[in-house]
Amino acid sequence: MRIVWEQRVASSLSTAIVVCGHAVFTGADYRAATENDSWFLESYQRSPGQAEALVAQMRRGVEALKANPRALLIFSGGKTRADAGSVSEATSYWQASRALDWFGLDDDRDPLARRAFTEEHARDSLENALFGIARFAELTGKAPRNLTVVGYEFKRERFEKAHRTAVRWPEERFTYLGTPAANAERDAESAASEVAVRAAFAEDPYACGEALGAKRTGRDPFNVGHPYEGSNPDLVGLFRHCGTETFAGKLPW
């Protein structure tokens, strides 16, 4: 069901809840989403409890959606792994959430699938946030007033400071919902590596330089690109902005 099918519902929405994707589902049954073997995982992701950590983020997003009737849930993540096939992280998360019956939170009075969608082009965390905003605008005809991002707790500072600043999102209208990594060992490793990632974004806040830019290119193995310049003409300047200076053009928020 498409949100634009019922304009009354679309016009009432004001909050974008963006769940950041981290892996592509490659199993045979989405109901087995809590099992590591159901996902294409990079070597650094193959830790006990990894799949459960992914599902925990899906659930956190659905819980936030259930709590806010004026919210739109957007699972964000592109077709990032050639070896995983031409399936997006976003579709993987949406299908898994549906197979898990929206974590028991769905009911006839509030069919959550009506307000749950995918954003299938993001290649990194900055694009999760920015493309999530753009996808909300595609579906509702306006930018969200509030932005909530669901991701790992160890990435909180990256989103609350670096990415929020890059897109000039007002601090008072931004919420970050952090969830634990797969296990304590993985959490410690991730927190340590996150320091280097934050440093990279500090030097290249729009991820258009050599290192972060190459990472983006590598995460689009099917050369999909993104369609948001066409659907969000007021964001073209931000999409194309590069450099260390914060984008200073006009924005719809």
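**Sheet, helices and nonpolar cores of the predicted model**

In helix α2, the buried residues are Q50, A51, A53, L54, V55, Q57, M58, G61, V62, A64 and L65. The structure examined here is a predicted model.

The average over the protein chain is 94, and 96% of the residues score at least 70. Over residues 1–5, by contrast, the pLDDT is below 50, although this stretch has 14 contacts in the model beyond near neighbours in sequence.

An open sheet is formed by 5 strands in the order β5-β4-β1-β6-β7, with parallel pairing. Strands β5 (116–119) and β7 (174–179) are the edge strands, each pairing on one side only. From one strand to the next, the twist averages 25 degrees. Within the sheet, strand β1 (residues 15–20) runs parallel to strand β6 (residues 146–152), and 5 bridges join the two. One of the residues involved is I17, whose bridge partner in β6 is T148. Helix α4 (residues 125–140) lies across β1, β4 (71–76), β5 and β6, and runs at about 130 degrees to β4.

T148 counts as buried because its relative accessibility is 10%, below the 20% cut-off. Its contacts, leaving aside neighbours within four places in sequence, are T15, A16, I17, V18, T175 and L177.

In soluble globular proteins, nonpolar side chains tend to be buried together. The largest nonpolar core of the model has 35 residues, among which L147, L238 and W253 touch the most other members. At least two residues of this core are supplied by each of β1, β4, α4, β6, α5 (156–166), β7 and α9 (236–240). The greatest contribution comes from α4, with 8 residues. Residues touched by L147, not counting those up to four places away in sequence, are A16, V18, I133, W169, R173, F174 and T175. A second, separate core has 32 residues, including A51, A53, V55 and M58; these four residues are also among the buried residues of α2.

Terms used. Residues numbered from 1 in each chain as written. Predicted model: local features only at pLDDT ≥ 70, side-chain atom pairs only at ≥ 80, totals over all residues. Heavy atoms only, no water. Buried < 20%, exposed > 50% of the residue type's maximum accessible area, 1.4 Å probe, protein only. Pairing = 2+ DSSP bridges. Axes fitted to C-alpha atoms, helices over the stretch in contact; angles between N-to-C directions. Contact = heavy atoms within 4.5 Å. Core = buried A, V, L, I, M, F, W, Y, C linked by side-chain atoms within 4.5 Å. pLDDT = per-residue confidence, 0-100.
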